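Me: I am new to this structure. Can you show me how to read its strands and its surface?

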Amino acid sequence: AAAAFDLDQDGDLDLVTNEFNAEPQVLLSDLAQRRKIHFLKILLHGTASNRNGLGATVRVRAGKRVFTKYNDGKSGYLSQSVLPLYFGLGDAASIERIEVDWPSGRKSVLTRGLAINRAVTVSEPR
């Protein structure tokens, strides 16, 4: 089994693996200590759809690129990585827009107060 998440809260993803009848292995990434990284964590809070926003499509416009993730609830082999959705933003120094298409058909758009290297909670409109 393997799960990816930011265990040490430094902005890069770490891994926890486990083989059958063996002790887990924790693999900490030191990327954030070796160079400056740009990331965004998005936690979805559903109201009409489901509480974790499973089935939502999230788009982040940062720099001249659009990063897209589908929140399908799957992320590891024989395991579930922790939410929120993690976006590595490359060299982008700012975020212009976050869009969420919810399973209910509703849409959220955020354009203000967005910054790199932090977590953002997006709630589904009622």
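Reply: Gladly. Keep in mind that this is a predicted model. Start with a strand pair. Two strands count as paired if at least two bridges are found between them. Here β4 (residues 39-45) and β10 are joined by six bridges and run parallel.

Me: Which residue in β10 is the bridge partner of leucine 43?

Reply: Threonine 121.

Me: In what order do the strands of the open sheet come?

Reply: The order is β7-β4-β10, three strands with mixed pairing. Strands β7 (85-88) and β10 (118-123) are the edges. Each has a single partner strand, so one side of each lacks a neighbour in the sheet. From one strand to the next, the twist averages 25 degrees.

Me: What about β5 and β6: parallel or antiparallel?

Reply: Antiparallel. Six bridges link β5 (residues 57-62) with β6 (residues 65-70).

Me: How many residues lie between β5 and β6 in the hairpin?

Reply: Two. Check the turn there: glycine 63 has a positive phi of about 65 degrees.

Me: Now the surface. Which residues make the nonpolar patch?

Reply: To join a patch, a residue needs over 30% relative accessible area, and nonpolar side chains are joined within 5 Å. In this model, Leu7, Val26 and Leu28 make a nonpolar patch of about 270 Å².

Me: Where is leucine 28 found?

Reply: In a loop. That loop runs between β3 (25-27) and α1 (31-34).

Notes: Residues numbered from 1 in each chain as written. Predicted model: local features only at pLDDT ≥ 70, side-chain atom pairs only at ≥ 80, totals over all residues. Heavy atoms only, no water. Patch = residues over 30% accessible without salt bridge, like charges linked within 9 Å, V, L, I, M, F, W, Y side chains within 5 Å. Areas by Shrake-Rupley, 256 points an atom, 1.4 Å probe, with all protein chains shown as cover. Salt bridge = Lys/Arg side-chain N within 4 Å of Asp/Glu carboxyl O. Helix = DSSP H or I, 4+ residues; strand = E, 2+ residues; numbered from the N terminus. Axes fitted to C-alpha atoms, helices over the stretch in contact; angles between N-to-C directions.
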